[in-house]
Amino acid sequence: MTTKQTTKSVTFLILGAGGDLTQRLLLPGLGSLLAVESDREVQVIGADRADLTTASFRALVRDRLRKGGADAKTAGRIAGKAHYIKADLLDLSALADLVQVAEGELVVYFALPPAISMKVCAQLEKLDLPASTRLGLEKPFGADEKSARQFNKQLQRVVDEDRIFRVDHFLGVSTVLNLIGLRFANRMLQPIWNAEHIERVEILYDEDLALEGRAGYYDQAGALRDMLQSHLLQILAIFAMEPIASLDPQELADLKAQVLRATHIWENNPKEYAQRARYTAGSINGRSVPSYVKEKGVESSRNTETLAQLTVQIDNNRWAGVPFVLRSGKAMGAPRKQVIVYFRDVPHLPKGFIGDHTGDAMIIDLKPGRVSFKLSMNAEGDPLDLEQRTLSADLAGAQMTAYGEVLRYLMDDNQLLSVRADSAELCWKIVAPAIKAFEQNLVPIQQYKAGSDGPEGWLADDSVAIGQESAELTSTSNKGRTARTTTARPAKG
């Protein structure tokens, strides 16, 4: 364990502390941060309408910090000075009392629905907040481009933009730095990171989890809004950005926004290049999963999609003509969280070789961090026979959970992992035509069985084959950080 010497005192004020987000992600995330940096001075204050006492909240904080990895002494120290205040968060005087309790720098975290967060911000605008106040907010950042713009203006009336942290836990430091390091810390990949050498790119995030009791939020959002609009477009922006000079938060935000401004649905045709589907009853790893429309809290009339796929293009010199496929689904047969880069065929293969020499690819697994190269090379036996071989190596693992990482940057006032206002608005602008096409039923909603790979034909055969190989590799990969070589499964067809 490494311990960073930290003397800055921070009050972590959680609005909505009685909710699932606080218990399941925020406090364990803080625990994982404290497991690495145990000397942090953090005062946790929880506020909500829930009937909790300070004693019960302290017990909850202690338990959740331990769950995240903090040792008993550290968890006890932080929990021992935690406070819970039952309050109406829309009441101005109650908010003023909460702010006055803060010691040191104030970090206000909105573990609330976006509509409530906006109303709370309208009240905070009337208060004289400490100069160091920072706001942490969960996605979704609004419900469309217009509401995102309104939300941003409201936030900026409370504090300056550089004090606003729009949290996307997908942008944990390991994900961001692994992508940037892979691109710019070696000479081999830089010259081929463009349309001349890359044929297409897929950014996939398929989960084997189903609804898991989240109907209240998910049934009104769906896969397109929940995943593609936020997380996957942020990953695309980092993957496709121009070379960065330093790990400066403003420069990274500038380069991401540059990519997003050039991005739109392929041929501006959502009817052809946006797809949606919903899972039916099935089983995943031996557990039965009901049809989505039978899940508790779901209204079937909404036609909410649990799987969405979008093909976009980036209209700039580096990526002109390269399709980027974004896809995310729930209740899939196997989790798949990766970026796949498909390289173009060689201009000329020397005559005399036989066998499989197409489909070279690079696979970047986001969870766990791993990079693999699927390459054509001489097979065993006949030296003229080519086959696909996969070379794989693990990337640096995260020291803490994704929420631990974003909380560290938030408490340290470093915006490297934050989503800037313009990027939040641009992401909504990119998916707006697809949302409209879905709402007008211009795109049929297909079905797939829970535990399957989704509707047949959505992904190319080589992508399906890579997914099967990746699942096999993941199941046997937790044996140390050594490079591995495997024989690739041949593509179907």
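Lys-86 counts as exposed, at 52% relative accessibility (buried means under 20% relative accessible area, exposed over 50%, and partly exposed in between, with a 1.4 Å probe and protein chains only). Before we go on, please note that this is a predicted model, in which local features need pLDDT of at least 70 and side-chain atom pairs count only at pLDDT 80 or more, while totals for chains, interfaces and linings use all residues. Residues are numbered from 1 along each chain as its sequence is written, and side-chain values use heavy atoms, with hydrogens and water left out.

**Salt bridges**

Side chains of opposite charge can pair when their charged atoms come close. Here, a salt bridge is a side-chain nitrogen of Lys or Arg within 4 Å of a carboxyl oxygen of Asp or Glu. The structure holds 31 of them. Lys-86 takes part in one with Asp-51. This pair links distant parts of the chain, 35 residues apart: Lys-86 lies in strand 3, and Asp-51 in the loop between strand 2 and helix 2 (54-68). Helices (H or I, at least four residues) and strands (E, at least two) are DSSP runs, numbered from the N terminus. Asp-51 is exposed too, with a relative accessible area of 65%.

Here is that pair with two others:

| Salt bridge | Closest N and O atoms |
|---|---|
| Asp-51 and Lys-86 | 2.4 Å |
| Arg-389 and Glu-387 | 3.2 Å |
| Arg-420 and Asp-422 | 2.9 Å |

Elsewhere, salt bridges link Glu-37, Arg-40, Arg-408 and Asp-412 in a network.

**The sheet and its helices**

Six strands form an open sheet with parallel pairing, in the order 3-2-1-4-5-6; two strands pair if DSSP finds at least two bridges between them. Strand 3 (83-86) and strand 6 (164-167) are the edges, each pairing on one side only. Strand 1 (residues 9-15) and strand 2 (residues 41-48) run parallel and are joined by seven bridges. Within this pair, Ile-14 stands opposite Gly-46 of strand 2.

Helix 5 (residues 114-124) packs on the sheet and touches strand 1, strand 4 (105-110) and strand 5 (134-138), its direction making about 150° with that of strand 4. Helix 11 (residues 402-411) also packs on the sheet, touching strands 1, 2, 4, 5 and 6, at about 140° to the direction of strand 4. Contact means heavy atoms within 4.5 Å, and axes are lines fitted to C-alpha atoms, for helices over the stretch in contact, with angles from 0 to 180 degrees between N-to-C directions.
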